[in-house]
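Biologist: Could you take me on a close look at the place where the two chains meet? I am new to this, so please go step by step.

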Amino acid sequence: MIEIKNVTKYFRVGFFGTRKNAVEDLSLDIDGGKVTGFFGPNGAGKSTTIKMIVGLIKASKGSIKINGYDSFDYRARLKLGYLPENPSFPRGLKGIEIINYYAKLLNKKINKNEIYDALKLAGIFYAKNTQAHKYSKGMTQRLALAVSIIGDPEILIFDEPLSGLDPIGRKEFKDIIFKLKERKKTIFFSSHVLADSKELCDRIAVLVNGRLIKNENLENIEKEAAVYAEEKKEDRLSGEYNTPLEVYLYDLMLKNRKN
Amino acid sequence: MKNILYGIMYSFKEIKNSKIFYSFLIFALILISGSYFVSQTSFINQGRIMVDFSIFAISIFNIFIGIFIGASVVYDDVEKKSIFIGITRPVKRTEYLTGRFLGLAAAIIFSTVIMMFIFYFVLLIMHKFIVPVVPNAGAVVSGAKSAHNNFNLQNRSAAYAAPNHPFTFYMLPQPLIIQGLFIIIESIFISAAALLFSLVTSKALASIFAILIFFIGNVSSRMNDLVKPVKKIIKGKVVIVNQANHILTSIVHFIYTVLPNFSIFNISSEAAYKLDISSGIIFYRLIYGISYTVLLFIISSLLFARKDIS
């Protein structure tokens, strides 16, 4: 479904344009019909990777293919929905006008009911006639989710979908992801909240300092976590993290961090 | 093509609802309506003053719309990250950019048409500068010839004389309509420059660069004339009596050659004296403006296609 092969992305920084790698030699296959969680600390390169997948930025080296098309090719996005981190919409347009416009850009006919269903699923139907710049953060996030799921895309890519949401919003958002999971959608989402890992994912990928340090399905990684917890014989479950998996992922990130 | 059309409509709607667009439009309308009071400062040629003042207001505010919205139409999308959702739909980047740019062009046309209508109504109320058109009485300016050919004042006066006919309606004279068209072309042209700059630098700098280009483009032809050597015929021979510094001459000539010449779009003098503009001149200036705009837009598209949006 999505094949990432030896991808490196560097940016030029500073006055002399020094090369700084954001992602280094990343290879990752995202399987169809599964939920893949992409975890890592802040600045690990998760958003950069996602932006490369959806064609916002071009990889410096390597290739990314979606359904056989290069990620920069518009055809790669025919069956793709994307929810960016902290989405925003232009001023002065109503929610319904915005979703109507994005629905028209899909190369297929979308009827009114499908638009309403997407708005209802995202829980923003009641505010469809309100101008989007008057929305709260949660409402904007919901509208962006509705836009991403319109047209029933096969692949859904969510960049930090739960960040900045209140507990009720988080719960509702997770429920939506569960519903989409039931519909056998391919979901790839990034997060730095480890508690999301077990609940939502079929597969977990961990990125630290631009390098992929783990890419396993949930069962295997849980086994590793159990063995790790046994070896350490340290009870940290009552602290910040509640499961051996969270502790394992946390230590994995900590060990691989550069500083 | 369908995606571009949707992009134009979306972009137009967004720009039409923006505060900056409204502010410029309302301010221009106030100035046009106020041109009557300005004209009262003169005892003679009040109509000409009204025309001069209103054309200036329409031109400058459309240029402002072109520059400030042109510099922000894509830049703000990237800054506010609203572009993320748009560009990750199955659309080509060129389609997206074309939609945004043509939406802005539509907004410029919309604002110019509104301003010209208000201007027309002001002239209609004042009964100045408008041309009577009588149904079944032949072409309104049939006797008039081009300002750039042999202009016949007698015929012109006859053509503009208001007849006492029950079904007479009034329209703007040809040069004023052409001036409106040139304002549209000029504003879209400068907005293409602002868009291009906004892709390589910040919004503020893009606006400043566009204003500079506009200013230089307006004075470059006069500057070029100024540095030309002054020649006299002395005793049957052409003698150069005064010549500017060679380096200065080369710089001015280079600027004149490379940068667009915006002064050709200003025909306010012809409009103020109701001199018809020949179709050849209209065609040449339209092609000049459109070609430059297309060139700038192609460069913008090439840059935008390779741009990392993060």
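**Where chain A meets chain B**

Modeller: Happy to! Across the interface of chain A and chain B, 10 residue pairs are in polar contact. Please keep in mind that this is a predicted model. Four elements of chain A each give two or more residues to the side that touches chain B: strand S1 (2–13), strand S6 (80–83), helix H2 (95–105) and helix H4 (137–149). Of these, H2(A) gives the most, with 6 residues. Sorted by class, that side of chain A has 22 nonpolar, 6 polar and 7 charged residues.

Now for the size. The contact takes 35 residues from chain A and 26 residues from chain B. About 2900 Å² is buried between the two chains, and carbon and sulfur atoms give 61% of that area. On the chain A side, Leu56(A), Tyr101(A) and Leu105(A) lose the most area to chain B, together 22% of what that side buries.

Charged side chains take part as well: there are 2 salt bridges between chain A and chain B. In one salt bridge, Lys9(A) meets Asp308(B) at 2.5 Å, N to O.

Let us finish with the rings. Over all chains, the count is 31 aromatic pairs. One of them is the stacked pair of Tyr101(A) and Tyr10(B), with 3.7 Å from centre to centre and 10° between the planes. Tyr101(A) lies in helix H2 of chain A and Tyr10(B) in helix H1 (residues 2–16) of chain B, so this pair joins two chains. Tyr101(A) counts as buried because its relative accessibility is 9%, under the 20% cut-off. Tyr10(B), at 9% relative accessibility, counts as buried too.

Key:
Residues numbered from 1 in each chain as written. Chains lettered and ligands numbered in written order. Predicted model: local features only at pLDDT ≥ 70, side-chain atom pairs only at ≥ 80, totals over all residues. Heavy atoms only, no water. Contact = heavy atoms within 4.5 Å. Buried area = accessible area lost by both parts, 1.4 Å probe. Salt bridge = Lys/Arg side-chain N within 4 Å of Asp/Glu carboxyl O. Polar contact = N/O pair within 3.5 Å; in protein donor to acceptor, adjacent residues only side chain to side chain. Nonpolar A, V, L, I, M, F, W, Y, C, P; charged D, E, K, R; others polar. Phe/Tyr/Trp six-rings, centres within 6.5 Å; stacked < 30°, edge-to-face > 60°. Buried < 20%, exposed > 50% of the residue type's maximum accessible area, 1.4 Å probe, protein only.
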